[in-house]
Amino acid sequence: MALIDPHSCADSVQPRTRHVVLNLTVDFAAKRLEGDATLVLSGPSAGPLDLDAKGLEIRSVTTGTGAAVPFSLGPSDPILGERLRVELPPGTEAVTVRYATSPGAAALQWLSPEQTAGRKQPFLFSQCQAIHARSMVPLQDTARIRVTYDAAVTVPDGLVAVMSAGPDGVRPGAAPGTTTFLFRMPQPIPTYLIALAVGSLEGRDLSPRSRVWAEPEVVDAAAWEFAGIEEMIVKAEGLFGPYDWDRYDMIVLPPSFPYGGMENPRMTFLTPTLLAGDRSLVDVVAHELAHSWTGNLVTNATNEDFWLNEGFTVWAERRILETIHGPEAAVLGWATGQKALDESVERFGAGSPLTRLKTDLKGIDPDEAFSSVPYEKGARFVALLERTAGRAAFDRFLRSYMDTFRFTSISTEEFLAFLDEKLPGVSTTVGAKEWFYAAGMPANAPVFRSESLERLTALAEGWPDGVRPAPEEMARWTPPELLVYLQHLPREMDRPSLDWLERTLDLTARGNHEILVEWLVIAGGSDHEPVFPRIREVLSRVGRMKYLRPLYAALGRHERTRALAAEIFAAASPGYHQLSTRVVASVMAKYPAPQIR
Ligand code: BES
Ligand code: ZN
């Protein structure tokens, strides 16, 4: 027996799944997916096959020929779930598991109509990364094993299902009042990329290979915001080679979606907080699109190599940004990333093993280890490789990296071996092993400078000495410039300062949530009562963890805002995704205890 991933019971001596056939009915009343999953194995097999499961109700297991297969569910681990061991009779080529998901399935959020834009129909979406696919489908839930899949998803009439797969037809469901959506995913993907969303959805074509889906109330705004997608795909192809996934569609989810975006292949999932009305937040789309190469084509072997997914993708996102908006815009992205990195390193402590690029996650929940470190330390490492090798040589290296490892999953060590083979000497020059295996930021981390960045930080750092930019200058700032300025302002300000900012910049009314939340963090953290209603509105509507964490943390600074936070959380948390609830609870657990007078 040999485990291949600290977060899976997949065993290297057992057969591997190569294809999954899903047949699921979406039951909104019971909050369950009900049906079966057939796992097609790499060849005729016999003996034990260990699958990951979490909270699944297993009804039966049978072979492809219908013979019953003995199975047993192991004890439940709070992080990993349960091992589902099936005993394959000799010659088994496929097993079918009949099952239902639990109403609390970690991968699924079931939304009431009130939590949607249309307020008439319920909504369901999945989020399988990092290790939640097992709460939706019993399978070998590790990025080391790739599967193709087919699916038939039956939903109530009037609702539409989309998946991280190509559409393969629609037909009336077996039960009256239902419709079955068919899907086919012909490219092998890691299981964390299996994805499903169901709701009242409409699509708008953005280019011959791209469409955006959203609720009818939102879809036109989404189509406008992401109209530039084809240009981005073309730029990304110029950097990384042909787009290999046929279509690039996107879905804008209801606001409780806990991430900014998720790179589900052929169907990127997005938060509606990107709909700023000025196309200023499309860097998130550039990021998810870049995952089509870094992450989805070449995949991290396990969550301990997560930087291979995210570090490369942040670097790629900024290269795409650079070709579209120029090097100054990319530098602002690096500056914003630096802030996020500093906050994560501070949260864990500079010596924490979670600040390594290669992590040891045995016994650790990947959702708990999540931070900006793999993203921003990882991207800085890639940028250092690029600077050391030279851009032209590094771009050639990247192409051969993609060609060599496409549709495979690799570890940090396999990456290092490939780097040494293709760019000899570079790993020693940059000190790759220190970057991978030591905590904190190495001294040779690349620095990103531009005139505009220098000016913005100087202005912001002069704030305590009374430096105020001319309002006409501020009016000319792009949204990323304003964001960088706000990020460098003091975290607490007096009332006249806050009034001046609000008067000059009209911040509370902003639709760009990066700017809005940065402002609310400063104003809320300063106990500034005029913004309380907007804070309540944002925290009640939005479930994106990137915003909840700093906003709730800022409210911890004062007794009055702690009370506000507790009151908002009590009312809003039933609508939060489980991940969001957990993050907020952990932030609030660090609040100082109430003063007893
Ligand atoms: N793959 C991630 C989201 C994710 C990571 C979900 C780990 C679950 C576990 C996605 O590509 C991502 O990084 N999203 C960012 C976008 C940002 C870096 C531009 C987000 O959601 O904010
Ligand atoms: Zn990402």
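Predicted model: local features only at pLDDT ≥ 70, side-chain atom pairs only at ≥ 80, totals over all residues.

Reader: What makes the site of the zinc ion (ligand 2) irregular?
Author: The site has six donor atoms, with angles of 53 to 160° among them. Six donors count as octahedral if opposite donors are over 155 degrees apart and all others between 65 and 115. For reference, ideal angles for six octahedral donors are 90 or 180 degrees.

Reader: How do you know that His287 and His291 coordinate the zinc ion (ligand 2)?
Author: A donor is an N, O or S atom within 2.8 Å of this metal. The zinc ion (ligand 2) has NE2 of His287, NE2 of His291 and two OE entries of Glu310 among its donors, at 1.9 to 2.7 Å. Those distances lie within the cut-off, so these atoms count as donors. Along the chain, the donors follow the spacing H-x3-H-x18-E.

Reader: Why is the pair formed by Glu263 and ligand 1 called a polar contact?
Author: A polar contact needs a pair of N or O atoms within 3.5 Å. A polar side-chain atom of Glu263 lies 2.6 Å from a nitrogen atom of ligand 1, so the pair qualifies. Glu310, named above as a zinc donor, has a polar side-chain atom 3.0 Å from a nitrogen atom of ligand 1. For Gly261 a backbone N or O atom is involved, 3.2 Å from a nitrogen atom of ligand 1. The protein covers 91% of the 520 Å² of accessible area that ligand 1 has on its own.

Reader: Which residues come nearest to ligand 1, and which elements supply its shell?
Author: Of the 17 residues around ligand 1, Gln129, Gly260, Glu263, Glu288 and Tyr375 come nearest. Strand E16 (261-262), helix H3 (283-290) and helix H4 (306-325) each supply at least two residues of the shell. H3 gives the most, with three residues. By type, the shell divides into seven nonpolar, six polar and four charged residues.

Reader: Which domains does the shell around ligand 1 draw on?
Author: At least three residues come from each of domain 1 (17-200) and domain 2 (293-448). The domain assignment also gives domain 3 (490-588).

Reader: Where is the cis peptide bond that involves Gln129?
Author: The bond runs from Gln129 to Ala130, with omega near 5°. Ala130 is in the loop between strand E7 (123-126) and strand E8 (146-156).

How values were computed
Residues numbered from 1 in each chain as written. Chains lettered and ligands numbered in written order. Heavy atoms only, no water. Near = heavy atom within 4 Å. Polar contact = N/O pair within 3.5 Å; in protein donor to acceptor, adjacent residues only side chain to side chain. Areas by Shrake-Rupley, 256 points an atom, 1.4 Å probe, with all protein chains shown as cover. Helix = DSSP H or I, 4+ residues; strand = E, 2+ residues; numbered from the N terminus. Nonpolar A, V, L, I, M, F, W, Y, C, P; charged D, E, K, R; others polar. Domains from an automatic or database assignment. Donors = N, O, S within 2.8 Å, 3.2 Å for Na, K, Ca; no water. Tetrahedral: all angles 85-135°; square planar, octahedral: opposite > 155°, others 65-115°.
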